[in-house]
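These are my notebook entries from a look through one model.

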Amino acid sequence: MATTAQYPAASVRVTRAWTWMRVRNLLARALAYTILSVGAFVVCVPWIWMVLTSLKTPGDILRIPLTVFPTNWMWKNYVDVFAVGSRPMWKYVANTLQIVVFAEIGVLLSNAIVAFSFARLRWRYRDVMFIVVLATMMLPAQVTMIPIFALFTNVLDWRNTYLPLTVPYFFGSAWAIFLLRQYMMTIPAELDDAARIDGCSTVQLFARIIVPLAAPVLAVLAIFTFNGVWNDFFGPLLYIEKVTMFTVAQWLAGFTIVTGPGQMPRYDLLMAASVLSSLPMAILFFIFQRQFIQGVVITGVKG
Amino acid sequence: MADATATIAMAPRLRASARKELMRDLEGWLWISPWLLGMLLFIIGPMIISFYWSFTNYQMVLPPKWVGLRNYADMLQDPLIAKSLINTFYFAFVSVPLGLFLGLLLALIVNQNVRGISFWRTVYYLPAITAVVAYAQLWRYILHREWGALNNFLLTFGIIGPNWFSPKWVIPAFIMMSLWTVGGSMIINLAGLQSIPTEMYDAAKVDGAAGFRLLRHITLPMMSPIIFYNLVMGIIAAMQSFTSFFVLLSDLGYTIQAPPGEIGLIFMVYLYRNAFWEFRMGYGSAMAWVLFVIILVMTLLVFRSSSSWVHYAGESRS
């Protein structure tokens, strides 16, 4: 009798505990969403401001107090920045794309070759050499940049050419070799043996089997290289002095159309240019989001 | 007799296999030759040369002239070296830990079975993929004393915003800016959080642990290698900041890309000014080596201290 009487009370207690947990869970969840939303808004405000400003009139920019929205939505700003005037953006986009194309060829070719050797070939001192590769990743660029600058400008006279900005990409870089090698290691070794039995040479093994299978990681590398070249400011700053040869980053850094003598630059146009120059990466990110994040994670976590 | 024939028969085969091995080694080295060449041309060679130049007076017109430790001694006397170093340390040591903390916090929240992870990831990562120069130009405008959005926003609360490009406020302004790219740190931390085996949490929950104790005893220890790695890399990167400082603080102009002045001067910008603006290559090389040593020492310190708080899975504690 006593035992049967206990049953309902116990189950009520359990249900109460359960509801309390659910309420607490719900509250925690609501708090999480609130923090995330507020954070997301704060994070996006500069972006939104950039876009809104790019659509304003010159008058809006100098008005105090500042208005959030443009009085007149100037979509024309984008056309003006991109195509009109003595220094339209498209010229600098074309310049930058030239560098991008050669950099991509260099990066993909050289790093794939080197990583292939580290991942799929067996030779003496391979693992020692790989440690050397990893060690060079730790060396900061600033101790090498002054002699490299002297080499490119004084010895080779490559100033005002794109050679200093592209040629180094043809020699591989430690983190890219690391990224590709880690990926190539995951391709089953049986494939190599099978290919060898079928009479594949090493070159054929590389070109016909490993490279196609490594396509996803090569895509990641290509995206990061694009990002690197597009954003590079230091390189062009050192080697390119001719305004007609500027990259987008340089052009944007020196954007000077001013409203009047000693006044504000045309921030409406400058922001339109900034939006445009951020667009390629934004689009690439939306298309290749998964690969992009993978790349950040692999190189971020593992080095 | 039988043994002798066996060795005779084997000798050519051995030689053949040794040759094959040699070919294999050669092939391996051949495939890495682009990188080997690059390392000699762009890393080892330049490092040796810049080390030599750091003891010379070299302005690119005349050949380098040996001056011994003069450049290093001059650096001790140069007030801008001290100033730029202080600014650099101030920036790196506040922005990196703060960014790491925020990145981890956001990742922890997103990891709580929140819906639409990819949406949050994208939103938070957006500022990190803005073109670097565009980002600098945007902030240059936002921080403008009179027409900038920030001071106008503060004004609606009756606060008169400071001149963000004054000596007192310029580094805090850059620290604030750097926090907007916290998305990168969030993504890495999120991946780390998702790689923690759920069994660990299950086991701990069976043992009666919950909430904060799970965080303290499972999440943080498991995440410590990632936090540690981010700390080291973040500090190294922050010490070498250049572009945003250069673009934000220099005068706009197409042809004269003069480096910025003394306000908000950081080490790399001062290095640029010496080496590539005034062509004091010897002094610039000495500065580069000092920065290298500082980064090296700091990295070693972080590594040294790591054993006491970083936990690697599979490593036993004694």
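Is Met60(B) buried, partly exposed or exposed? I found Met60(B) partly exposed, with 15 other C-beta atoms within 10 Å; buried takes 20 or more such atoms, exposed 12 or fewer, and partly exposed lies in between, with C-beta atoms placed from the backbone.

Note on the source: this is a predicted model, in which local features need pLDDT of at least 70 and side-chain atom pairs count only at pLDDT 80 or more, while totals for chains, interfaces and linings use all residues. Residues are numbered from 1 along each chain as its sequence is written, and chains are lettered from A and ligands numbered from 1 in the order in which they are written.

Entry on phi. I looked up Met60(B) again: its phi is positive, about 75°, although it is not a glycine. Most residues other than glycine have a negative phi. Met60(B) sits in the loop between strand S1 (56–57) and strand S2 (65–66) of chain B; strands are DSSP runs of E of at least two residues, helices runs of H or I of at least four, numbered from the N terminus. Phe279(B) also has a positive phi, near 55°. I place Phe279(B) in the loop between helix H13 (267–277) and helix H14 (281–306) of chain B.

Entry on chain B as a whole. I count 14 helices and two strands in chain B. Its radius of gyration, taken over C-alpha atoms, is 27 Å, well over the 20 Å that the globule rule gives for 318 residues, so chain B is more spread out than a compact globule. The rule is 2.2 Å times the number of residues to the power 0.38. The C-alpha trace spans about 105 × 75 × 40 Å along its principal axes. Buried residues make up 37% of the 318 in chain B.

Entry on the chain contact. I find 75 residues of chain B in contact with 77 residues of chain A, where contact means C-beta atoms, placed from the backbone, within 7 Å. On the chain B side, helix H2 (residues 33–53) gives the most, with 13 residues. That side has 53 nonpolar, 18 polar and four charged residues; Ala, Val, Leu, Ile, Met, Phe, Trp, Tyr, Cys and Pro count as nonpolar, Asp, Glu, Lys and Arg as charged, and the others, Gly among them, as polar.

Last entry. Leaving aside neighbours within four places in sequence, I see Leu252(A) in contact with residues of both chains, including Ala273(A) and Val133(B).

Key
Two residues are in contact if their C-beta atoms, placed from the backbone, lie within 7 Å.
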